[in-house]
Amino acid sequence: MTHLLPSEWSDRVAFDLAHVWHPFTQMKEHLEEPPIPVVGAEGVDLLLGDGRRVFDGISSWWCNLHGHGHPRILGALERQGAKLDHVMFAGFTHEPALELVARLRPRLPKALTRCFFSDNGSTAVEVALKMAFQAQIQQGRANRTRFGALREGYHGDTLGAVGVGELDNWLTGVFRPLLLHCDRFAVPEDPRREVVGEADASLDTARAGVKAFFEAHGETMAAFVAEPLVQGAGGMRFWAPEILQEIRSQCDRFDIYLILDEVMTGFGRTGTFLALDQCGVVPDFLCLSKGLTNGTLPLSLTWTTDAVYQHFWGDYTQWRTFFHGHTFTANPLACAVACASLSLFDEEPVMARAQALAATMRKGWEGLSGHPAVRRARTLGCIAACQIVDPATGQPHPVEERFGWAFHRRALDHGLLVRPMGDCLYLMPPLATPPARVQEVIETLAKLLD
Ligand SMILES: Cc1ncc(COP(=O)(O)O)c(C=O)c1O
């Protein structure tokens, strides 16, 4: 299907190609398939420059919860803009930041009493890594110079965050000489999340692996970092809460801080407000971003405990201060928008709706699981994922075919924005998506796979 851009947009796209460098993009591919102008958004849909309306099937990079252009959120932005747009947060404070902390605190584990602001998921993780390291040093543990993490993890693109993400792949391998020292182990996927077959999760073997890992590395790690329940960018790998519990107890045994990165899983995605609510685990650090502002403005938070905070307390010349801050730390507009998003959780049945959506997604995914191109269909809350194979061979499509990319472009013609990661096709719609709509979307996916 050919979609023609109005002529003014053709010029703008040429301008883009001449000057802009897009994220996660081999720009050469844009010569053949240029970036697609988005000219608006309404509810759970994006409006493209060529007139197409597409369903935002991945919540605009895993951010959107309540739909685009939500009047409560835009209203809060406008009201805050009229009062205070930005001010430095070192030595100053303001109401939207305080309201945000007050609104969020009751939804977090009680032990998380301190909140540090930054402005994206990667920096939320950087803050946690640096705080954990410095807290260890300030307790006299100068040997804690390494970190621990899961294989296939993803925590962002700044060097610290890359250093604790999966290392041996195309995304990060090139930076190896520059990175933090990190030891990793692989965590098995949790077969209980799959829509067919409830195989044994082999939890005992996995737990024994965790113990062995900590026995080997426990004395040198400052902190261990993980995405609870779902390794998102690693390919929507759902893993067992029991393994996280074992990691927590090993961290306690060796005085290692546990950092939970809920940048993607936070704010209802997994069926509970936080993924950790399903895990029975309290971290020493919690990183939040993405859904925090409904994706309207950049903002992130790193929460920690009073025990950690106390290691930074002292006279100025004791040099225990956490010397870290970003220009847009606690930007008032972003905080006001986050408050508006949280107020929707307080005043509307957002989580009940999310659970209804999750049930419909699970049912739809059960139907999809029989498709010959689909393997390992699985869901968790409002995240549904599967592996796409070539039905002729039962194997994933070769990388050179760029199957995921082609599928993405094709899906747009059918009113659907999905962006498979390699052979992993997934849906992560806004929580506000009407269940009937997601049912239609899954039917469209099945047709596309045909
Ligand atoms: C779990 C997780 N952590 C951190 C990040 C990085 O967030 P940002 O892209 O806002 O830096 C992401 C982004 O996808 C993520 O999924």
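The model is a predicted one, in which local features need pLDDT of at least 70 and side-chain atom pairs count only at pLDDT 80 or more, while totals for chains, interfaces and linings use all residues. Residues are numbered from 1 along each chain as its sequence is written, and side-chain values use heavy atoms, with hydrogens and water left out.

The side chain of Glu33 meets that of Arg409 in a salt bridge, with 3.9 Å from N to O; the term stands for a side-chain nitrogen of Lys or Arg within 4 Å of a carboxyl oxygen of Asp or Glu. Because Arg409 lies in helix α13 (residues 403-413) and Glu33 in the loop between α2 (29-32) and β1 (38-42), the pair ties together parts that are 376 residues apart in sequence. Helices (H or I, at least four residues) and strands (E, at least two) are DSSP runs, numbered from the N terminus. Arg409 counts as buried, at 16% relative accessibility.

## Other salt bridges

The structure holds 25 salt bridges, and one of them brings together the side chains of Arg141 and Asp255 at 3.6 Å, N to O. Arg141 is in the loop between α6 (121-137) and β5 (146-150), and Asp255 in the loop between α9 (241-253) and β10 (257-261), so this pair ties together parts that are 114 residues apart in sequence. Asp255 counts as partly exposed, at 41% relative accessibility.

In another salt bridge, between Arg146 and Asp183, the closest N and O atoms are 2.8 Å apart. This pair links distant parts of the chain, with Arg146 in strand β5 and Asp183 in strand β6, 37 residues apart. Arg146 counts as partly exposed at 26% relative accessibility, whereas Asp183 counts as buried at 12%. Salt bridges that share partners also join Glu189, Glu194, Arg237, Arg376 and Arg378 into one network.

## Gln387 in strand β14

Gln387 lies in strand β14 (residues 383-388) and, at 14% relative accessibility, counts as buried. Its side chain is joined to that of Arg378 by a polar contact of 2.7 Å, and to that of Asp423 by a polar contact of 3.3 Å. A polar contact is a pair of N or O atoms within 3.5 Å; within protein, one must be able to donate a hydrogen and the other to accept it, and residues adjacent in sequence count only if both atoms are side-chain atoms.

## Around the ligand

A polar side-chain atom of Asn120 lies 3.2 Å from an oxygen atom of the ligand, and an N or O atom in the side chain of Ser122 is 2.5 Å from a ligand oxygen atom. A polar side-chain atom of Asp261 lies 2.6 Å from a nitrogen atom of the ligand. Of the 390 Å² of accessible area that the ligand has on its own, the protein covers 83%.

Key
Accessible areas come from the Shrake-Rupley method with a 1.4 Å probe; for residues, only the protein chains shown count as cover. Buried means under 20% relative accessible area, exposed over 50%, partly exposed in between (1.4 Å probe, protein chains only).
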